[in-house]
Amino acid sequence: MAGKARGCHKIRGAQIRDLLDSKHNILFDCDGVIWNGEIVVAGAPEVVTLLKQQGKRVFFVTNNCTRPRENYVQKFSRLGFTDVAEEEIFSSAYCSAAYLRDVAKVQGKVFVIGCHGVQKELQDAGVPTVEDVSDAPDVSIYNFPLEPDVKAVLVGYDERFTFMKLAKACCYLRNSECLFLATDPDPWHPLRGGRITPGSGSLTAALETASSRKATVIGKPSRFMYECIASQFDLDPERSLMIGDRLETDILFGANCGLDTMLTLTGVSTLEEAQEYRDSEAPEKKDFVPDYVVDTIGDFLEALED
């Protein structure tokens, strides 16, 4: 549960096997856990297959909203995963569409700051959106057209983010009944060659400042992604394990949902950062501390093949 003392225990071999024996549901983040970009983490496809062969249920819970679930299936296949089904993949784009359709039951259009993955999931869910068309050259912040029936603004990762999109979203959010949602709070993402790209969280922060409103976050660490899975599959939190590479999203998500958590060191966060959170005097930092740490999920192979 959130608030419990977490150990940050580095484990391997028999310790991993004992932990997995006690779990029925394994939730993996994707980027930094089972792959980095287009490079698969060594052993990850075999780990997923072996977990399933041993009767475990495996889910993939990602804040990456850039592709729809059907494209994730293609990526899993491309990287050597042979048995990943679309219904096992829960992205922040898919969960945002589910929230708007099933929870908010939005009656009107959604103005989207986001990429193809977000637009496609909304379309598949039957959620109407404001058409993304280029403004004419003579259109400015003083005269751009506004749709009359926008009931929600959704912010996700958008490589074509513009000042005009920000301005339009601000205008829609002046209506206090217009929902303000964000796919996820990730501030940045690593790229090849040591570069980074701004994440959905940085775009959301710009709109929060400009509109003087706070977004409801759908992705990790919000509980809604877990509730989205639990609405389709019967999940017992005590028999579930969340595995991620980012302390402030993946590990906090697990803590918020009452799951045991595991940090893998193939992505963003380091063991030293986890230990700093563990040793911090600030109580709110304790939920950033994983229960367990492994160098890589490839370490599962020894435990699973015994």
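Residues are numbered from 1 along each chain as its sequence is written, and side-chain values use heavy atoms, with hydrogens and water left out. Because the model is predicted, local features need pLDDT of at least 70 and side-chain atom pairs count only at pLDDT 80 or more, while totals for chains, interfaces and linings use all residues.

Start with the domains. Domain 1 covers 9–63 + 221–305, and domain 2 covers 105–217. These bounds come from an automatic or database domain assignment. The C-alpha centres of domain 1 and domain 2 are 30 Å apart. Six residues of domain 1 touch eight residues of domain 2; contact means heavy atoms within 4.5 Å. The size of an interface is often given as the accessible area lost when the parts come together. Here domain 1 and domain 2 bury about 600 Å², with 50% of it on carbon and sulfur atoms. Buried area is the accessible area (1.4 Å probe) that two parts lose on being put together, summed over both. On the domain 1 side, Asn63, Arg246 and Val268 lose the most area to domain 2. Together they make up 67% of what that side buries.

Now look at the sheet. Helices (H or I, at least four residues) and strands (E, at least two) are DSSP runs, numbered from the N terminus. Strands of a sheet pair through backbone hydrogen bonds, either parallel or antiparallel. Four strands form an open sheet in the order E7-E8-E9-E12, and the pairing is parallel. Two strands pair if DSSP finds at least two bridges between them. E7 and E12 (216–217) stand at the edges with a single partner strand each, so one side of each has no neighbour in the sheet. Five bridges join E7 to E8. In one of them, Ile113 has Val155 in E8 as its bridge partner. Helix H6 (residues 163–172) packs on the sheet and touches E7 and E8. The direction of H6 makes about 145° with that of E7. Such axes are lines fitted to C-alpha atoms, for helices over the stretch in contact, and angles run from 0 to 180 degrees between N-to-C directions.

Next comes helix H5 (residues 116–124). Its buried residues are Gly117, Val118, Gln119, Lys120, Glu121 and Leu122. Buried means under 20% relative accessible area, exposed over 50%, partly exposed in between (1.4 Å probe, protein chains only). The buried residues of H5 pack against several elements, among them helix H3 (69–78), helix H4 (92–103) and strand E7 (109–113). Just after H5, Gly126 takes a positive phi of about 75°.

Finally, turn to charge. Side chains of opposite charge can pair when their charged atoms come close. A salt bridge is a side-chain nitrogen of Lys or Arg within 4 Å of a carboxyl oxygen of Asp or Glu. The whole structure holds 16 salt bridges. Between domain 1 and domain 2 the count is zero. Glu302 pairs with Arg12, the closest N and O atoms being 3.9 Å apart. This pair links distant parts of the chain, 290 residues apart: Glu302 is in helix H11 (residues 300–305), and Arg12 is in the loop between strand E1 (9–10) and helix H1 (14–21).

Arg101 and Asp102 form a salt bridge too, at 2.7 Å from N to O. Arg101 is partly exposed at 38%, and Asp102 is partly exposed at 39%. Lys214 and Glu208 meet at 3.5 Å, N to O. Lys214 is exposed at 67%, whereas Glu208 is buried at 18%. Elsewhere, salt bridges that share partners join Asp29, Lys220 and Asp250 into one network.
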